[in-house]
Amino acid sequence: MLEQVTKVHDESRQGEAFAPESAADQTYQKKFYIESYGCQMNFNDSEIVASILNQEGFGATRNFEEADLVLLNTCSIRDKAEQTVRKRLQEFRKIKQSNPGLLVGVLGCMAERLKAKLLEEEKLVDMVVGPDAYRTLPALIEEAETGQKAVNVLLSREETYADINPVRLDSNGVTAFVSIMRGCNNMCTFCVVPFTRGRERSRDPYSIIQEATDMFNRNYREVTLLGQNVDSYYWVGVSPENGQEETITFASLLEKVALISPLLRVRFSTSHPKDITDDVLHTMAKYENICNYIHLPVQSGSTRVLQLMNRTYTREWYMKKVERIRELLPDCGLSTDIITGFCTETEEDHQDTLSMMEFARYDLAYMFFYSERPGTLAARRYQDDVPEEVKKRRLSEVVELHRRQALESMQKDLGKTFKVLIEGTSKRSEQDLFGRNDQNKVIVFPREHYEKGQYVQVKVTDCTAATLIGKVV
Ligand code: 5AD
Ligand code: SF4
């Protein structure tokens with residue numbers, strides 16, 4: 001179970017090939033195969049890409065051997081993520097040798113970071129397409145089909161793909177992600193995202209509501225609103241409802257989505273501690289269908305390190321935020337991201353991170369050791385001076401503490417009854433179903449006559465550090 005708690009964002013899905021269940025669709029003349037790496041945003045982008053390619057006569061396949069086009073939607077957040085993609089490209093090199101007509105494209109953050117350099121480094125790559133250039137994929141494919149290398153890594157200040165209806169590629173038919181903004185303006189010094197995904201921009205709220213409503217009408221029962229920093233969502237425009245100019249903040253957007261139906265659960269990720277407002281917390285408290293779960297990355301517990309990271313809050317400020325969340329939403333689930341061994345981090349700073357964890361009692365944490373990314377502010381300004389074995393030792397201490405805390409958090413739920421949205425069959429047993437409670441904890445329980453998409457009340461009888469186990473009451 002330990003792996004599960006310590007996994008990076010959805011690592012279980014890293015590199016997963018995906019296509020809709022009905023992938024054997026004969027209406028398409030050509031086939032594309034796509035693998036996605038990294039954050040949820042990337043997985044959602046692949047669904048936008050699928051929609052664009054469908055329009056061009058490309059159907060998705062889960063089998064790369066029958067594909068005319070292979071796409072890797074890549075991540076640059078840590079060096080390891082890029083190495084994984086490089087290895088995968090090596091494998092496709094072999095496949096291309098036996099199928100010279102195959103086109104290989106690199107999408108996403110690695111494409112943006114390395115640009116045309118990627119074509120020199122990885123000879124088999126035909127196309128390099130950055131996250132804001134997916135609309136030009138049809139033209140790029142045409143260019144690549146003539147034997148030329150095709151590159152578009154232009155970043156945009158406006159592109160939100162608002163009008164593109166994502167094709168749900170690997171969906172359980174119950175839960176879906178909806179992008180509400182793109183890019184990031186925060187400039188955390190360790191982070192490559194502002195360089196690979198560009199400036200922050202918010203998507204038209206009415207296209208978001210339409211997409212979420214459409215999902216609900218197709219029997220989806222949960223949407224997660226996605227953005228690098230959802231709390232800075234901000235849109236000014238003319239309301240189609242009354243023709244007046246209006247300003248939509250994240251709190252008002254959240255409310256609008258919650259009002260679609262009380263049967264539609266709403267989640268969101270990621271929140272920046274500096275931007276999450278009381279308004280958002282009050283809105284969460286007001287609507288039962290907005291789930292009480294906040295992903296609030298702390299990164300470090302030391303004010304000195306936080307300053308070097310340009311997180312713009314102090315240790316005390318973060319703690320006050322946690323207290324405020326607990327005050328307004330007493331049963332709120334809380335998760336975090338932590339980096340160990342950032343530039344100049346001392347043992348004392350590290351102890352501050354451990355004591356922050358003791359204070360916040362996170363239900364879930366994604367933990368990493370610092371990986372310097374070329375071009376970031378930290379790479380330019382500071383020395384990556386904490387030895388790798390120290391970074392890793394500190395990481396293992398953080399992981400160990402989290403493992404204990406995660407188990408305690410689960411044990412506190414023994415005997416409680418939760419409303420659970422059923423997402424599907426348990427990975428371990430056909431006889432069991434699984435779903436999540438409000439706080440985002442996974443609960444496994446006997447199937448009986450229940451089905452996915454239903455809400456049930458489940459009483460918790462047992463647990464591991466990653467999963468609650470119970471029975472419908
Ligand atoms: N090294 C290690 N972890 C990083 N993250 C972002 N950049 C780096 C880096 N250079 C982590 C942060 C962020 C999460 C998505 O990835 O914790 O919140
Ligand atoms: Fe990176 Fe910071 Fe933006 Fe998150 S908020 S994407 S860590 S720059």
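My entries below go through the salt bridges and then the domains.

**Entry 1: the starting point.** I reminded myself that this is a predicted model. I then searched the whole structure for salt bridges and found 40.

**Entry 2: Arg62 and Asp170.** I looked up this pair and found their side chains in a salt bridge, 3.7 Å from N to O. The two residues are 108 residues apart, so I noted where each one sits: Arg62 is in the loop between β2 (58–60) and β3 (69–74), and Asp170 is in the loop between β6 (150–152) and β7 (175–179). Are they buried or exposed? Arg62 has 39% relative accessibility and counts as partly exposed. Asp170, at 26%, counts as partly exposed too.

**Entry 3: Arg135 and Asp163.** Next I checked Arg135, which forms a salt bridge with Asp163; their closest N and O atoms are 2.8 Å apart. This pair links distant parts of the chain, 28 residues apart, with Arg135 in the loop between β5 (127–129) and α6 (137–145) and Asp163 in the loop between β6 and β7. Asp163 counts as exposed because its relative accessibility is 59%, and the cut-off for exposed is over 50%. Arg135, at 37%, counts as partly exposed.

**Entry 4: Glu347 and Arg394.** Which helices does this pair tie together? I found a salt bridge with the closest N and O atoms 2.9 Å apart. Glu347 lies in helix α13 (residues 347–360) and Arg394 in helix α15 (residues 388–411), so the bridge joins parts 47 residues apart in sequence. Arg394 has 4% relative accessibility and counts as buried, while Glu347, at 34%, counts as partly exposed.

**Entry 5: a network.** I also came across salt bridges that link Asp45, Asp132, Arg182, Arg197 and Arg201 in a network.

**Entry 6: the domains.** The domain assignment gives domain 1 (2–152), domain 2 (175–411) and domain 3 (417–472). I picked domain 2 and domain 3, whose C-alpha centres lie 26 Å apart. Their contact takes 22 residues from domain 2 and 18 residues from domain 3. Together they bury about 1,600 Å², with 52% of it on carbon and sulfur atoms.

**Entry 7: what holds my interest at this contact.** How many salt bridges run between domain 2 and domain 3? I counted two. I also noted eight residue pairs in polar contact between these domains. On the side of domain 2 that touches domain 3, α15 gives the most, with six residues. By class, that side has nine nonpolar, five polar and eight charged residues.

Conventions
Residues are numbered from 1 along each chain as its sequence is written. Chains are lettered from A and ligands numbered from 1 in the order in which they are written. This is a predicted model: local features need pLDDT of at least 70, side-chain atom pairs count only at pLDDT 80 or more; totals for chains, interfaces and linings use all residues. Side-chain values use heavy atoms; hydrogens and water are left out. A salt bridge is a side-chain nitrogen of Lys or Arg within 4 Å of a carboxyl oxygen of Asp or Glu. Helices (H or I, at least four residues) and strands (E, at least two) are DSSP runs, numbered from the N terminus. Buried means under 20% relative accessible area, exposed over 50%, partly exposed in between (1.4 Å probe, protein chains only). Domain bounds come from an automatic or database domain assignment. Contact means heavy atoms within 4.5 Å. Buried area is the accessible area (1.4 Å probe) that two parts lose on being put together, summed over both. A polar contact is a pair of N or O atoms within 3.5 Å; within protein, one must be able to donate a hydrogen and the other to accept it, and residues adjacent in sequence count only if both atoms are side-chain atoms. Ala, Val, Leu, Ile, Met, Phe, Trp, Tyr, Cys and Pro count as nonpolar, Asp, Glu, Lys and Arg as charged, and the others, Gly among them, as polar.
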